[in-house]
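Let's take a friendly walk through this model together. Please keep the viewer open as you read.

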Amino acid sequence: MKLKLLNEEVHEIERAEVVDGRLEVDIKGKTAEEVQQIFSQPSNLDTIELLTDAKDVFSILTGWTKYGGVMLNGDLKTAILTQPADKTEKRLTSAEADAEQARKIAEEQADDIAEIKKLAEEGGMGVDAELFAATTAVARVSAQGLTDAQALEAKVLYPTFEELAKKNYIAKKKGYIFRDGEDLWKTAQDNVKFEEQYKPGTGTESLYTHIDEAHAGTIEDPIPAKVNMEYEYGKYYSEDGTIYLCKRGGIPDDQAEEMYGEKETLQYLPSALVGQYFIVAKTVE
């Protein structure tokens with residue numbers, strides 16, 4: 001894997017992953033001073049491209065411009081990058097921010113109520129159109145508090161990517177759920193702005209996480225693997241006829257099994273992470 005900075009520098013890396021609100025980048029064969037030199041210029045970090053060994057772009061990371069130091073693990077060095085708070089939001093008190101968000105939600109609800117009411121009236125549903133519209137709008141807001149499994153049972157309540165991009169909507173909190181086609185997604189970080197050019201898929205792995213809990217995650221009913229999906233240790237995933245067990249590598253088996261139930265968002269398919277996050281459990285004939 002390779003990392004390309006805005007100044008066109010390209011560096012070999014082992015891993016680039018968002019963990020607990022920070023971006024961790026693993027590099028081998030460099031001193032701590034060399035790692036600091038690579039990441040110490042914020043302007044070079046404004047846009048970070050992740051490349052395959054063939055130098056094809058598979059992910060773009062933006063806004064990770066604050067270098068927070070390096071963790072040492074023998075020859076492996078982990079650079080820590082964070083996203084500075086927006087200057088405009090710094091000027092807002094907590095109360096002002098909450099009031100602004102409430103105002104925006106109220107505006108969105110008003111728009112939704114008017115649209116749903118119009119559809120109800122035109123459709124001749126035989127119900128109180130205004131009550132139906134208001135109830136639906138409230139349900140949409142409440143749906144953001146559902147678990148992933150519950151959300152899959154209530155897909156119709158979630159806004160589509162196209163609707164959000166049309167409004168240039170900004171999801172303030174990580175985990176905002178939306179639809180794209182038949183799939184459900186949620187934002188992978190705070191303050192994600194929906195724009196048409198950043199549709200879920202290749203290149204937007206740092207922005208969205210795919211939701212799929214319709215499968216049990218057993219070896220008999222594995223979960224279809226997708227790029228940038230939230231994987232759970234101890235569950236099984238399928239990719240191109242092979243079933244993989246999500247199990248952290250490089251640590252004793254008993255310790256790896258203690259992690260079962262914990263979740264990790266990964267930017268690669270299981271086949272690319274065998275020995276690190278997956279083991280091959282079964283090959284389907």
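The paragraphs below go from the cores to the sheets, then to the aromatic rings and a few single residues.

First, some ground rules. This is a predicted model, in which local features need pLDDT of at least 70 and side-chain atom pairs count only at pLDDT 80 or more, while totals for chains, interfaces and linings use all residues. Residues are numbered from 1 along each chain as its sequence is written, and side-chain values use heavy atoms, with hydrogens and water left out.

Let's begin with the nonpolar cores. A nonpolar core here is a set of buried Ala, Val, Leu, Ile, Met, Phe, Trp, Tyr and Cys residues joined through side-chain atoms within 4.5 Å. Buried means under 20% relative accessible area, exposed means over 50%, and partly exposed lies in between, using a 1.4 Å probe and protein chains only. The general background is that in soluble globular proteins, nonpolar side chains tend to be buried together. In this model the largest nonpolar core has 33 residues, and Val25, Phe39, Ile48 and Phe278 are those with the most contacts inside it. At least two core residues come from each of strand S4 (22–28), helix H1 (32–39), strand S5 (47–51), strand S6 (57–62), strand S8 (76–82), strand S15 (229–232) and strand S17 (242–246). These elements are DSSP runs numbered from the N terminus: helices are H or I with at least four residues, strands are E with at least two. Another core, of 12 residues, lies apart from this one and has Phe161, Ala171, Trp185 and Leu207 among its members.

Which residues does Phe278 touch, not counting those up to four places away in sequence? With contact meaning heavy atoms within 4.5 Å, Phe278 touches Tyr231, Tyr237, Tyr244, Leu245, Cys246, Lys247, Leu266, Pro270 and Leu273.

Now for the sheets, where two strands pair if DSSP finds at least two bridges between them. S5 and S6 pair in the antiparallel sense over 5 bridges, and Thr47 has Thr62 in S6 as its bridge partner.

Another open sheet of 4 strands runs in the order S14-S16-S17-S19, with mixed pairing. Its edge strands, strand S14 (223–224) and strand S19 (278–283), each pair on one side only. S14 and S16 pair in the parallel sense over 2 bridges, and the bridge partner of Ile223 in S16 is Tyr237.

The aromatic rings come next. Rings of Phe, Tyr and Trp (its six-membered ring) pair if their centres lie within 6.5 Å; planes under 30 degrees apart count as stacked, over 60 as edge-to-face and the rest as tilted. By this rule there are 14 aromatic pairs. The rings of Tyr169 and Phe194 have centres 6.3 Å apart and planes at 40 degrees, so this pair is tilted. The pair links distant parts of the chain, 25 residues apart: Tyr169 is in the loop between helix H6 (161–167) and strand S9 (170–171), and Phe194 is in the loop between S12 and strand S13 (208–211). Tyr169 is buried at a relative accessible area of 11%, and Phe194 is buried at 0%. Phe194 also forms an edge-to-face pair with Tyr176, at 6.3 Å centre to centre and 65 degrees between the planes. Ring pairs join Phe161, Tyr169, Tyr176, Phe178, Phe194 and Tyr208 into a cluster.

Lys193 is found in strand S12 (residues 192–193). Leaving aside neighbours within four places in sequence, Lys193 is in contact with Asn168, Tyr169 and Ile170.

Finally, look at the backbone of two aspartates. Asp20, in the loop between strand S3 (15–19) and S4, has a positive phi of about 50 degrees although it is not a glycine. Asp20 counts as exposed, at 75% relative accessibility. Asp240, in the loop between strand S16 (236–239) and S17, has a positive phi near 50 degrees, and Asp240 is exposed with a relative accessible area of 75%.
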